[in-house]
Amino acid sequence: MQKNEVKKPNESMLSRMVRHQMFIPVLALVILAVFNLIADPAFFKITVGQNSSGNMVLQGFLISILNDGSELAILAIGMTLVTAASGGQDISVGAAVAIAGSVLLRILGGGNSRPEELAAPIIVAFLVSCLVAMLFGAFNGVLVAYFKIQPMIATLILYTAGRSIAAWINNNELPVITDPSLGYYGGFIPGVPIPTPFFIAAICVAIIFLVLKFTNLGLYTQSVGINENSAKLNGLNPQVIKVITYVIMGLCVAVVGLIKVSRISTINYSTIAKDIEMDAILAVALGGNALSGGKFNMAASIFGAYVIQFLTSTLYKFKVSSDALPAYKAVVVIVLVVISAPTVKEWFGNVTKKFKVKEVA
Amino acid sequence: MLKKKVAMLLAAAMVAATVVGCGGGDDAKTDAPADDAKTEAPADDAADDAADAPADDAADDAADAPADDAADDAKTEAPAADGELIKVGIINNDPNESGYRTANDKDLQEMFCEANGYEADFQYSKKNDEQITFAQNMLTKGIDYLLISAADTAGWDGVLQDAQAAGTEVILFDRVIDADESLYAASIVSDMEKEGQTAVDWLAGQGLDEYNIIHIQGQMGTAAQQGRTKALDEKVAAEDNWKLVVQQTGDWNADNAKQVVQSVIDSGEKFNVIYAENDDMAKGAVAALDAANISHGVDKDVIVMGFDCNKWALEELLAGNWNYDGQCNPFQASYIDEVIKSLEAGEEIAEKTIIMDEKGFDAKEITQEDVDNYGI
């Protein structure tokens, strides 16, 4: 994505690396990996075992990270676009996931909270939930683009009301689906040893990269984010582009809704995907993307999402006590965000340059 | 400024649209009978009857009137002895919070409606300050009883004093408040510590040689978490063969619980008990066990324990997939009704704190009847 990076011939390899946007997330991952390697090399062990339905599946911390980080990676895609185009974040993601999941279960159960069999094929239910999630995305997008409301305020509406809407869709019932085929999307497809969410995430990532490569979405999003007026003067319609990014966010939300619901075959409106928007925003920030919009690096955001999951798994692995968990995470987050801040990066760049100059002298 | 106002209006509209049920319906109904009687009853004093006279008179008058709906409306009023509804203001937590709260709210809605002689105003919030504002508004409007399930234990003194000054009786349900006992008439609560103790006693009764426990806690600091954790902590400290493999919060969330258990499985440590502080988290834990082909349930490798008695959880017990589920009784409405009835009759309340009857279910003994009766 970093095609337009200017390579100065006299710049050292090191300083170019430091300046690269992927540097921070990769560095964070390396630190975490080395830390785990020293503390317990078994962290990296992957074994083949059987699950209770008799399938051979891969097990181990790394597999768990790829598995559990999938939702975050998918949301990071949407959040990156939303951030780039509108210069703000969508904080209604978790609530929207609850709505999408609720719609999915409503269609699958056909209004019955304990259906004997599925009332509709999963693909139909999923498509309807996509549609609903995209509508809610469009709602957010219209508020932001046409009514010029701050993204965080606009999405606050759905953040507050979303979980109630989700509960209302199912008349406050908690449908439980017993059909095992729903479990494939958040677990394993029989005969495939790799967790399905990882495949779903991989497909989403592949699609967004193809879209960015073969359409002008990336370019248009960035130009709107950098300067709305000049984008307008160049014949773009900033409003439409902003709404599109929120609709794409909605699509990501629906996919995550499917995975989340599939993982436990039911839903809890108040806890499903709770606070996931904060992790998604963090993934974008960790990827070195400016939260004020403009240029973005999709790969870095997605990578950032897996780094966050890596961190979470590491904290679980070391059994950090319940009370202290948020504090540890906060410290790590502060460090990561500070070193990825543009001013600090610039300072780093200057230091390495000076160092080099001195060496030459 | 305008944009913000528009945003807030929209938010308010959406929230209002989602609060469907007895709360909204009641306001409409309370106005309806009087209006109908006024416009349609033939007798000129019918309007007065409907407003003041004993309920059966009003019912008769209304029944003579041609409109059927007027008769229906009037009849629903009849059970109240003197034709006046008892006004109650009910402040509860967000009904979407959990299956427990949904059942709790439904129970209250069914009890406190006009058929039972109540005019109820329901307000929901999971924020203490909002709840306090609701309470003050209700007191200003004038109510006979104020029922509170407080989001937080502190900050209620002022409201309770205002209520006392206004002659409104306060009844606490589900959760206690840090306030002097003289400020409220009764409190109907679950004893979370007892719930934990019952569960731990049951676990001790299983007679395992070693207890290697994965303890998944609820949201830290909540009464349910503290009560259910305390009994287990004490037991682990007291017994040599009881050990916590991990003690971690799952924030009531199935997904988090799954990750905690997954992490223990990945690290290869041995465990034979999962003590999850609610059903959702037990479910998440079981999902992790299934993925690793670790058997669980009656006479299997891992004992699974949950709380709250969701219907689906009790069905897991019935199928032998889980071992134990502790009840957290959400059905407080009948207890509250009893308290109000005796206060109306001018009786003294014998005990201020009424602790609800709560059971623990063992997968070996549970029956379909239990699932139907106690599942929420």
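B:Asn293 is found in the loop between helix H12 and strand E9 (303–307) of chain B, where helices (H or I, at least four residues) and strands (E, at least two) are DSSP runs numbered from the N terminus. Its phi is near 55 degrees, a positive value in a residue other than glycine. The structure is a predicted model, in which local features need pLDDT of at least 70, side-chain atom pairs count only at pLDDT 80 or more, and totals for chains, interfaces and linings use all residues. Residues are numbered from 1 along each chain as its sequence is written, chains are lettered from A and ligands numbered from 1 in the order in which they are written, and side-chain values use heavy atoms, with hydrogens and water left out.

At 37% relative accessibility, B:Asn293 counts as partly exposed; buried means under 20% relative accessible area, exposed over 50%, and partly exposed in between (1.4 Å probe, protein chains only). Most residues other than glycine have a negative phi. B:Asp251 also has a positive phi, near 50 degrees. B:Asp251 sits in the loop between strand E7 (242–249) and H11 of chain B, and its relative accessibility of 28% makes it partly exposed. The table sets these two residues side by side.

| Residue | Phi | Relative accessibility |
|---|---|---|
| B:Asn293 | near 55 degrees | 37% |
| B:Asp251 | near 50 degrees | 28% |

The N-terminal end of H11(B) is capped by B:Asn253, a side-chain oxygen of which lies 2.9 Å from the backbone nitrogen of B:Asp255. Since 12 of the 14 residues are buried, H11(B) is largely enclosed by the rest of the structure. Among the buried residues are B:Ala254, B:Lys258, B:Gln262 and B:Asp266. After H11(B) comes B:Gly268, whose phi is positive, near 80 degrees.

H9(B) (residues 192–204) has 13 residues and reaches 18 Å from its first C-alpha to its last, close to the 18 Å expected. Its buried residues are B:Met192, B:Glu195, B:Gly196, B:Ala199, B:Val200, B:Trp202 and B:Leu203. They cover an arc of only 155 degrees around the axis, which puts them on the same side of H9(B); the arc is that of the directions from the helix axis to the C-beta atoms. An α-helix has 3.6 residues a turn, so residues three or four places apart point the same way. B:Asp191 caps the N-terminal end of H9(B), with a side-chain oxygen 3.2 Å from the backbone nitrogen of B:Glu193.

**Two buried residues**

B:His215 lies in strand E6 (residues 211–217) of chain B and counts as buried at 0% relative accessibility. Its side chain makes a polar contact of 3.0 Å with the side chain of B:Gln247. A polar contact is a pair of N or O atoms within 3.5 Å; within protein, one must be able to donate a hydrogen and the other to accept it, and residues adjacent in sequence count only if both atoms are side-chain atoms. Not counting residues up to four places away in sequence, B:His215 touches residues including B:Thr229, B:Leu244, B:Tyr275 and B:Glu277, where contact means heavy atoms within 4.5 Å.

In chain A, A:Gln222 is found in helix H9 (residues 217–226). A:Gln222 is buried, with a relative accessible area of 16%. Leaving aside neighbours within four places in sequence, A:Gln222 is in contact with A:Gly294, A:Lys295 and A:Phe296.

**Pocket and cavity**

On a 1 Å grid over the protein atoms alone, a cavity is a set of points where a 1.4 Å probe fits but cannot get out, and a pocket is an open set with protein on both sides within 12 Å along at least five of seven lines; lining residues have an atom within 4 Å of a point. Grid points are joined across faces, edges and corners, and a volume is the space filled by probe spheres set on the points.

The second largest pocket holds about 1200 Å³ of space. Its lining has 46 residues, of which A:Gly183, A:Arg263, A:Ser265, B:Ala287 and B:Asp290 lie nearest its centre. H12(B) gives the most to this lining, with five residues.

There are five cavities of 30 Å³ or more, and the largest cavity has about 90 Å³ of space. Residues of both chains line the largest cavity, including A:Lys260, A:Ile264, B:Asn253 and B:Asp280. H11 of chain A and H11 of chain B each supply at least two residues of that lining.

How values were computed: Expected span 1.5 Å × (residues − 1).
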